[in-house]
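I am opening a notebook on this structure. The entries below record what I looked up, in the order I looked.

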Amino acid sequence: MDKERFVTLDGLRGVAALAVLLGHAFKTDSAERVNEVLPFSYLAVDLFFMLSGFVIAHAYEHKLRDGMGLWTFLRVRFIRLAPLHVLGTALGLALILYGVWRGWHDYPIAGLLLSFGLSVFFIPTPPGIIPQNTLLFPLNAPAWSLFFEMAANIVFALLAPTLTTARLASIVALGAIAIAAIPLTGSDASGGPIYAGIFAGSARVVFAFFAGALLFRLHRSGATSKLRMPALPLLIILGAVLLWRPPTWLVDVYFYASVFVLFPLLIAVGAQSASRGFTSVIADMLGRSSYAVYIVQAPLLLFFNLIVIKLYGEPLGAFGWPAVLVSSALVVVIALALDRFYDGPVRAFLSKFSKRRGLFVVSGGGDGKSQHSP
């Protein structure tokens with residue numbers, strides 16, 4: 001079962017990462033610019049969580065039931081996620097330190113270094129460490145989803161040995177109720193990156209991650225075997241959902257319909273859909289670049305933005321779609337290069353090093369591989 005490959009799901013992950021990238025490429029000095037152009041690109045993170053739950057259940061549920069320990073599981077996950085995460089955070093730190101050197105910021109160096117040290121281990125930066133900071137991960141904001149995902153991974157690993165389908169469905173139902181309660185907290189459905197949105201982020205990951213695990217159970221049982229559609233339409237549908245700007249009166253319905261209905265259907269159908277020919281090549285490329293696109297986009301876009309401001313006196317987003325598409329294409333090219341020449345080799349080295357040192361021994365089978373859903 002470990003060797004089953006879900007190429008269409010890889011493609012869906014890649015499309016979602018591109019939607020986040022395009023949204024952030026429009027950002028100038030405030031988040032409002034993102035909301036003006038691509039108001040629902042943030043939904044990509046809910047899809048990431050759901051895909052992650054599906055893939056983690058596929059790769060590790062039986063190992064956790066057969067005796068794979070929590071620390072072994074976490075070390076495997078750390079090796080999978082850390083190299084690109086640390087790189088993105090280091091790039092963010094370097095750019096902020098450059099701003100401090102130029103006098104653009106007055107952030108304390110000690111606070112920035114502490115933030116980096118905590119971030120390496122997916123720990124948010126406590127409020128007050130960096131003055132006026134509201135982000136969980138100020139050096140690389142998208143890392144907030146990794147924090148919530150690692151928390152969901154820990155809960156799943158602890159529950160896996162006794163997690164019946166009925167219990168799993170109950171957790172999904174509680175997550176859905178929590179998502180419906182987000183407005184009561186004064187936050188909104190896009191919450192997560194900032195401390196004020198911790199409840200929103202928690203609700204989103206609980207529902208989506210465990211819904212993904214439940215979808216895998218349904219896939220494994222054959223309950224979704226008749227849900228089939230060619231891969232390309234699925235990728236197009238997801239892209240349209242994340243890039244469309246619905247009318248104001250439809251906003252709430254659009255969010256709930258996407259998270260509760262459309263995304264589960266896309267994953268259920270995508271898990272049954274075989275990608276072939278050119279579509280398979282595209283889906284594979286999108287999947288391989290998705291994590292790097294997501295986790296290094298913020299520092300890369302900031303770097304591009306600094307260059308554009310230096311040359312033209314205006315931020316990147318002010319030049320519209322042409323500048324956004326060019327900068328996004330550069331990020332994708334860099335992401336593909338990082339996946340091949342940095343992330344893969346570093347993870348292979350860490351895996352071999354940890355095995356030589358006896359840092360983990362997997363019970364119940366070989367070391368499963370999984371793709372991150374940022």
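Before comparing helices I noted how they are set: helices (H or I, at least four residues) and strands (E, at least two) are DSSP runs, numbered from the N terminus. Axes are lines fitted to C-alpha atoms, for helices over the stretch in contact, and angles run from 0 to 180 degrees between N-to-C directions.

**Entry: source.** I am working with a predicted model, where local features need pLDDT of at least 70 and side-chain atom pairs count only at pLDDT 80 or more, while totals for chains, interfaces and linings use all residues. Residues are numbered from 1 along each chain as its sequence is written, and side-chain values use heavy atoms, with hydrogens and water left out.

**Entry: confidence.** I looked up pLDDT, the predictor's confidence in each residue, from 0 to 100. The chain has a mean pLDDT of 89, and 91% of its residues reach 70 or more. Residues 28–34 have a pLDDT below 50, and this stretch has 12 contacts (heavy atoms within 4.5 Å) beyond near neighbours in sequence. Residues 360–374 are also below 50, with 57 such contacts in the model. Where pLDDT is low, the predicted coordinates should not be read in detail.

**Entry: H1 and H3.** At what angle do H1 and H3 pack? I found about 155 degrees between helix H1 (residues 7–25) and helix H3 (residues 43–65), with the axes 9 Å apart. The two are therefore roughly antiparallel, a label given to angles over 145 degrees, against under 35 for roughly parallel, 65 to 115 for roughly perpendicular and oblique for the rest. On the H1 side I listed Leu9, Leu12, Arg13, Ala16, Ala17 and Val20 as making the contact, and on the H3 side Ala44, Leu47, Phe48, Leu51, Phe54 and Val55.

**Entry: Ser273.** I found Ser273 in the loop between helix H10 (251–272) and helix H11 (277–312). Its relative accessibility is 10%, so Ser273 counts as buried; buried means under 20% relative accessible area, exposed over 50%, partly exposed in between (1.4 Å probe, protein chains only). Apart from neighbours within four places in sequence, Ser273 touches Thr8, Met229 and Leu234.

**Entry: Phe122 and Gln132.** Phe122 is not a glycine, yet has a positive phi of about 65 degrees. It sits in the loop between helix H5 (109–120) and helix H6 (144–159). Gln132, also not a glycine, has a positive phi of about 65 degrees, and its place is in the loop between H5 and H6. Is each one buried or exposed? Phe122 is buried at 5% relative accessibility, whereas Gln132 is exposed, with a relative accessible area of 83%.
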